[in-house]
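User: Please go through the terms used for this model and show what each one rests on.

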Amino acid sequence: MTTKPRRVVVAINPSASFGASRDVGPAVVQTLRAMGHEVTSLTEPDFESLLSSARAAVRAKPDALVVVGGDGMVNLGANVVAGTRVPLAIVPAGTGNDMARGLGLPIGDTEAAIRRVGEALQGEPRVIDAMRVRWTDADGAVFERWAAGSLSAGFDAIVNERANNMRHPKGPSRYILALLAELAGLKPLRYRVTLDGELVELDALLVAVGNNVSLGGGMRITPDALLDDGLLDVMLVKPLGRIAFMRIFPRVFKGTHTTDPRVVLRRARRIRIEVDAPLVAYADGERMGPLPVELEVVPGALRVLA
């Protein structure tokens, strides 16, 4: 294949220098330059600074934004390029890598992932959906962010909060340990979930919305979700005890939990989630804001090199 030089922006996870993936970002930059591409490398001390730098770089309309990291970096990339014609490329080097997994990208093989980016730069991007997430904080300020893969708004979000505050272990096992630690306080909450105008009131343990199939490092929460069908899959888990929960939980890795009658699956384009308790929503593993939250799928909002 003849390689046509491209202008590429590479955004590197600001936390990577403290982990096992600290060498991945420089390797991506070096290899893409060796392929003949013009590469702008972005390294900042924190997520917000990197988001600002990436937005400034993308205003110059590069041929691609490459993010190096996990689902949090995918979320950063989505918030930079969604709704534009600049495609997003992913070199997975994070904890969960669920979006990369859903797109069929190589996981745990940096060289293969970089080669995939190089090949994809020569072709047309894939067009997928993205989610707009809106919420209001305690001061009445309204916030809106994009999400690419999933949103958690139940016990799953509580687990995410704990997992993100844990330094060890690395990888998907951190989420599992956080889940086990929170299991002692497992209790249902009263939800009001509006799906395309239809109000559903119920007690539930887990509430998750998927544009992608999995979250938390391969847990196939919404196993039938499609990235480009213009719909969001909603999973609701009705009340059950700790033992029953632990019996169902291992099945999420194969997506067979959906056969249990206490697991409810729905699809919608617009969703509002309210709860009778203080709870923070997470999207793509990143902290969003307090419930209630509103979600809307935007078909074809994101172009990806996959």
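This is a predicted model: local features need pLDDT of at least 70, side-chain atom pairs count only at pLDDT 80 or more; totals for chains, interfaces and linings use all residues.

Analyst: Residues are numbered from 1 along each chain as its sequence is written, and side-chain values use heavy atoms, with hydrogens and water left out.

User: Why does Leu 177 count as partly exposed?

Analyst: Buried means under 20% relative accessible area and exposed over 50%, with partly exposed in between (1.4 Å probe, protein chains only). Leu 177 has 43% relative accessibility, so it counts as partly exposed. Its place is in helix 7 (residues 173-182); helices are DSSP runs of H or I with at least four residues, strands are runs of E with at least two, and both are numbered from the N terminus.

User: How do you know that strand 5 and strand 16 pair?

Analyst: Two strands pair if DSSP finds at least two bridges between them. Strand 5 (residues 126-136) and strand 16 (residues 293-304) have nine, in the antiparallel sense, and therefore meet the definition. Within this pairing, Ile 128 stands opposite Leu 302. Strand 5 is also joined to strand 6 (residues 142-147) by six antiparallel bridges, where Trp 135 stands opposite Phe 143.

User: What is in contact with Leu 302, leaving aside its neighbours within four places in sequence?

Analyst: Contact means heavy atoms within 4.5 Å. For Leu 302 the residues include Ala 78, Val 81, Ile 128 and Ala 148.
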